[in-house]
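I am keeping these notes while I work through the structure, and I write down each thing I looked up in the order I came to it.

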Amino acid sequence: MSPRQLLGRIGLWFSVFVIVSPAILFFLWMISLSLKYEIDNAAYPPVFIPEQFAWKNYADVLASNRFLTYFVNSLIVTGGATLLAMLVGVPAGYGIARMAAHKSAIVILIARITPGLSYLIPLFLLFQWLGLLGTLVPQIIIHLVVTVPIVIWIMIGYFETTPLELEEAARIDGATRWQVFRHVALPIARPGLAVAFILAVIFSWNNFVFGIVLAGRETRTLPVAVYNMISFDQLSWGPLAAAALLVTLPVLLLTVFAQRQIVAGLTAGAVKGG
Amino acid sequence: MSTITETTPAAAESVAAAEQQWHRPTYWPFVLPALIVVLAVIVFPWLFTIWMSFNEWKVGSPTTFVGFANYLRLPNDPRFVEAVGHTIFYTALSVILPLIFGTLAAVVFHQRFAGRGFLRGVFIMPMMATPVAIALVWTMMFHPQLGVLNYLLSVVGLPPQLWVFDPATVIPSLVLVETWQWTPLVMLIVLGGLAAIPTEPYESAEIDGAGFWQMFRYITLPLIMPFLFIAGMIRMIDAVKSFDIIFAITQGGPGSASETINLYLYSVAFVYYDLGYGSAIAVVFFFLIVLLAAVLLYLRKRMLWTEIGGGA
């Protein structure tokens with residue numbers, strides 16, 4: 001390696017370090033905050049690695065039975081909204097792709113542009129009128145605003161690229177449209193299904209704005225629960241940071257392990273979104 | 001699009017056309033369930049919001065039709081006018097900064113180096129992480145006495161700041177979070193653009209003795225322009241609507257120094273329960289976003305015609 005190449009390598013690694021460090025340092029600091037006792041979190045200059053780790057912060061958060069309730073709520077809302085979205089969105093993506101009904105994608109674009117709050121006003125009244133407030137049903141339904149467009153959008157893109165020859169061969173063999181979809185198109189589109197599923201899960205899990213309006217004390221999802229911890233229950237930083245980390249941990253793990261799918265999904269959506 | 005018909009012989013073409021015709025109705029059952037859901041949770045709320053915006057509609061009191069009264073209230077509402085200003089300031093910064101940093105990051109991630117995939121995963125973590133959770137940690141970092149940011153400033157010899165606790169610095173501080181969070185999305189989009197650039201221009205530029213910066217300025221930048229526009233557009237739409245970060249860190253404060261349209265909309269609809277007026281804000285807000293997107297699209301078209309020549 002020539003000196004010039006070496007210099008280039010060092011320059012590259014330095015740039016990589018500079019670019020990735022805001023993300024790495026932030027999450028390391030988050031872990032540090034969550035593992036410190038109050039005395040270390042209030043120290044100046046700040047302590048990065050404490051002498052004693054406060055595992056107790058995590059134990060406290062997990063031991064509070066309400067955290068478990070909120071975790072289950074999050075699972076039900078995200079799970080319900082994602083599964084329903086896959087159930088209606090995957091066939092819809094297939095239908096739109098095969099009919100080449102590209103204009104219908106405008107509805108999805110509008111959904112992408114509209115601020116989440118503007119869905120809340122009418123749906124809030126509707127749920128109130130139906131007497132559904134106080135259950136998890138309104139949140140599952142309103143999370144469809146997030147999950148359905150993602151699933152349809154990504155599946156249109158996938159089904160447009162899957163080869164038609166196999167489907168035509170199956171039709172000649174006498175398969176019905178539904179059978180062609182179920183046994184030919186769907187298995188080929190499996191990577192697309194994974195992308196749509198992962199992104200729908202992440203964006204539903206992270207959603208906050210729907211919960212603060214629709215969730216009652218018993219029906220909070222994790223992001224709402226963490227927000228309420230800041231304002232009402234907790235003032236010490238250690239347990240707060242621990243709770244924040246626990247809430248976002250599933251998403252962070254998914255991001256690192258499924259980054260290929262996430263990148264594929266986000267760039268497809270983004271580039272097509274223009 | 002159905003490009004198949006262009007390449008096949010005439011006879012096959014008519015078959016394909018008939019096929020197309022025959023396809024249409026048969027795929028409706030696939031789309032129908034989603035259509036019902038979209039009508040219920042997206043289209044119905046929209047129509048209902050427009051209807052509500054023409055009514056005096058407060059929770060617990062009778063509804064009366066008031067025509068455009070809610071819309072006429074907007075220009076005379078100082079809090080709304082102020083919120084529009086905050087939104088424009090917040091959005092402009094939150095588009096420009098991620099575009100700059102995201103492009104630089106994309107140039108770096110376009111190179112080959114060990115562990116690139118993993119590091120890219122780490123780099124996109126800020127935008128995938130739960131916004132409320134990261135907002136909470138940023139709030140702790142912004143703390144004037146105990147926060148780590150003021151400590152870092154003191155290390156490099158800068159005076160401590162009040163960050164989100166000072167009306168003068170609250171919006172730039174929130175933009176710092178927004179930039180940290182959304183630079184990765186710009187990076188991903190631009191990275192896609194870089195991957196599509198052929199290597200020939202660089203090879204001939206290198207022969208001509210062009211430096212890295214010149215190649216970036218005269219080859220890379222013009223070629224990734226369409227991608228930057230898309231990234232800028234998406235960023236604009238998301239920054240205008242930004243809610244979680246602002247709400248969780250400042251709730252629009254101190255006072256109303258960081259209250260954007262979206263936060264004001266929340267207050268009107270779900271703190272004061274003035275749903276008619278809130279609906280009017282929602283409608284105006286939506287058209288503001290569409291207008292901004294249209295202006296960007298127009299600028300892009302003009303630029304393509306004058307500089308690149310309608311191609312790309």
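What distance separates the centres of domain 1 of chain B and domain 2 of chain B? I looked this up over the C-alpha atoms and found 35 Å between the two centres. I keep in mind that this is a predicted model. The domain assignment of chain B places domain 1 at residues 4-52 and domain 2 at residues 72-308.

**Entry on the contact between the chains.** I next looked at where chain A and chain B touch, and I noted that the contact takes 74 residues from chain A and 69 residues from chain B. On the side of chain B that touches chain A, helix H3 (residues 28-52) of chain B gives the largest share, with 12 residues. When I sorted that side of chain B by class, I found 53 nonpolar, 12 polar and four charged residues.

**Entry on H3(B).** I followed this helix along its length and found that H3(B) bends by about 40 degrees at Leu39(B). I also listed buried residues in H3(B), among them Phe30(B), Val31(B), Ala34(B), Val37(B), Val38(B) and Val41(B). I recall that an α-helix has 3.6 residues a turn, so residues three or four places apart point the same way.

**Entry on the largest nonpolar core.** This core has 165 residues, and I noted that Val226(A) and Ala244(A) touch the most other members. Helix H7 (residues 137-161) of chain A gives the most to the core, with 16 residues, while domain 1 and domain 2 of chain B each supply at least three. Leaving out residues up to four places away in sequence, I found that Val226(A) touches Ala243(A), Ala244(A) and Val247(A) in chain A, and Val132(B), Ala133(B) and Leu136(B) in chain B.

**Entry on H13(A).** I checked the length of helix H13 (residues 237-257) of chain A, whose 21 residues should span 30 Å at 1.5 Å a residue, and its end C-alpha atoms are 29 Å apart, which agrees. I also found a kink of about 45 degrees at Thr248(A) in H13(A), shortly before the proline Pro250(A).

**Entry on Trp180(B).** Beyond residues up to four places away in sequence, Trp180(B) touches Pro22(A) and Pro126(B).

Notes:
Residues numbered from 1 in each chain as written. Chains lettered and ligands numbered in written order. Predicted model: local features only at pLDDT ≥ 70, side-chain atom pairs only at ≥ 80, totals over all residues. Contact = placed C-beta atoms within 7 Å. Helix = DSSP H or I, 4+ residues; strand = E, 2+ residues; numbered from the N terminus. Nonpolar A, V, L, I, M, F, W, Y, C, P; charged D, E, K, R; others polar. Expected span 1.5 Å × (residues − 1). Bend = angle between axes of the 7 residues up to and from the residue. Buried ≥ 20, exposed ≤ 12 C-beta atoms within 10 Å, placed from the backbone. Domains from an automatic or database assignment. Core = buried A, V, L, I, M, F, W, Y, C linked by C-beta atoms within 7 Å.
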